[in-house]
Structures are given as C-alpha cells and as structure tokens.
Amino acid sequence: MAEEQMVTFSLGTEEFGVDIMKVQEIIRIPPITRVPKAKSYVEGVINLRGIVIPIVNLRTRFGMPSAVETDLSRIIVLQIEGKVFGIMVDSVAEVLRLNDDAIEPPPPIALGMDANFIRGVGKIGERLLILLKLDQIIGGDAQHEQTA
C-alpha cells in the first residue's frame, strides 16, 4: 500500500497538508518587503540566503479573514516545478504518513474554499486534513479573484 508523507499546518481551525517532497524548509517569518502592484495574495518577498522568493499569504489566497502573526507563525518554503516560493501559515504541526486509501477526492462544495486549491481530504482517525494542490497556490487563479 502506497503512502505519502505530509507536513501539516493550520490556518485558523483548519488543518492542511502538503507533500513533504515539495517542502524545502520551514522558517520563522523574517521581515517581508512589499512589492507594489503584486497580486493581493502575495505578501511580498524575502531574501533567503541570497535568493529572493515571493511569499504567499494563504489566508488572503483562500479568502479567509486575516490574523495576527504569532510566535508560532511560519513560512513553509516550497519548490514546485522549479519555482521556489513561501507560504505563510499560522503554525506547523507535524510530519505524518498518510495511506493512499485514507485520501478522498475533494468534496463538491469545497469547505468554503476554491476547489481548485484542494486535491483531496485525508482522514486520520476523526481528523480531516485538507490536501493542497500546490501548483495552484502561486499560479492558478482563484474564483474569488475572478469575481472581484
């Protein structure tokens, strides 16, 4: 039976998971330089050991209310098809393994989020983990942006 290893994180009360093979590193939130005329969900850029990378605010990207940054807030640096970018999250929880048979397709009504961002829902006992399509985070267009 195949399994995936996930890095889990939270935004508010929701738990999300991303493939650990896409995670380059997890860092505390450094000073972020705003970029004029960037998309609304791009918080800005950071200098990560000489490499400038964009930072996506997932709360803005998913149309969630903003939250105050805490000591638990982190940036997960991802590498997707040669693109390196970071996502701001409320906290990083754990690394876990998820069997393929514990992953369901996304529900038709996607939990208040744009379904384009969700590749599935992982079941871990009573917990549900929203698994993200990472290529849509920085490249895809959200429905709420198209209607805005």
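**Exercise 1. Find which residue in β6 is the bridge partner of Glu25, and place it in its sheet.**

Step 1. In β6, Glu25 has Val77 as its bridge partner. Strands here are DSSP runs (E, at least two residues), as helices are runs of H or I with at least four, numbered from the N terminus. Two strands pair if DSSP finds at least two bridges between them.

Step 2. Note the source. This is a predicted model: local features need pLDDT of at least 70, side-chain atom pairs count only at pLDDT 80 or more, and totals for chains, interfaces and linings use all residues. Residues are numbered from 1 along each chain as its sequence is written, and side-chain values use heavy atoms, with hydrogens and water left out.

Step 3. Go to the strands. β3 (residues 23-28) and β6 run antiparallel, joined by 5 bridges. Ile27 stands opposite Ile75 in β6.

Step 4. Move to the next pairing. β6 and β7 (residues 83-89) are antiparallel, with 7 bridges. Leu78 faces Phe85 in β7 as its opposite residue. The hairpin of β6 and β7 has 2 residues between the strands, and Glu81 takes a positive phi near 50 degrees there.

Step 5. The order is β3-β6-β7-β5-β4, an open sheet of 5 strands with mixed pairing. β3 and β4 (42-48) are at the edges with a single partner strand each, so one side of each has no neighbour in the sheet.

**Exercise 2. Explain why strand β6 is largely enclosed.**

Step 1. Set the cut-offs: buried is under 20% relative accessible area, exposed is over 50%, and partly exposed is in between (1.4 Å probe, protein chains only).

Step 2. Apply them to β6 (residues 74-80). Of its 7 residues, 6 are buried, so the rest of the structure largely encloses the strand.

**Exercise 3. State the strand order of the sheet with 6 strands.**

Step 1. This open sheet runs β8-β1-β2-β11-β10-β9, and its pairing is mixed. Its edge strands, β8 (91-99) and β9 (103-104), each pair on one side only.

Step 2. Look at one pair. β1 (residues 3-11) and β2 (residues 14-19) are antiparallel, with 6 bridges. Val7 has Val18 as its bridge partner in β2.

**Exercise 4. Count the salt bridges and work through examples.**

Step 1. Use the rule: a side-chain nitrogen of Lys or Arg lies within 4 Å of a carboxyl oxygen of Asp or Glu. The count is 8.

Step 2. Take Arg119 and Glu4, in a salt bridge at 2.5 Å, N to O. Arg119 is in β10 (residues 118-124) and Glu4 in β1, 115 residues apart. Arg119 is partly exposed at 34%.

Step 3. Take Arg49 and Glu25, whose closest N and O atoms are 2.3 Å apart. Arg49 lies in the loop between β4 and β5 (51-57) and Glu25 in β3, so the pair ties together parts 24 residues apart in sequence. Arg49 is exposed at 63%, whereas Glu25 is buried at 18%.

Step 4. Find the network. Salt bridges with shared partners join Glu15, Glu94 and Arg127. Arg127 and Glu15 meet at 2.9 Å, N to O. Both residues are partly exposed: Arg127 at 28% and Glu15 at 22%.
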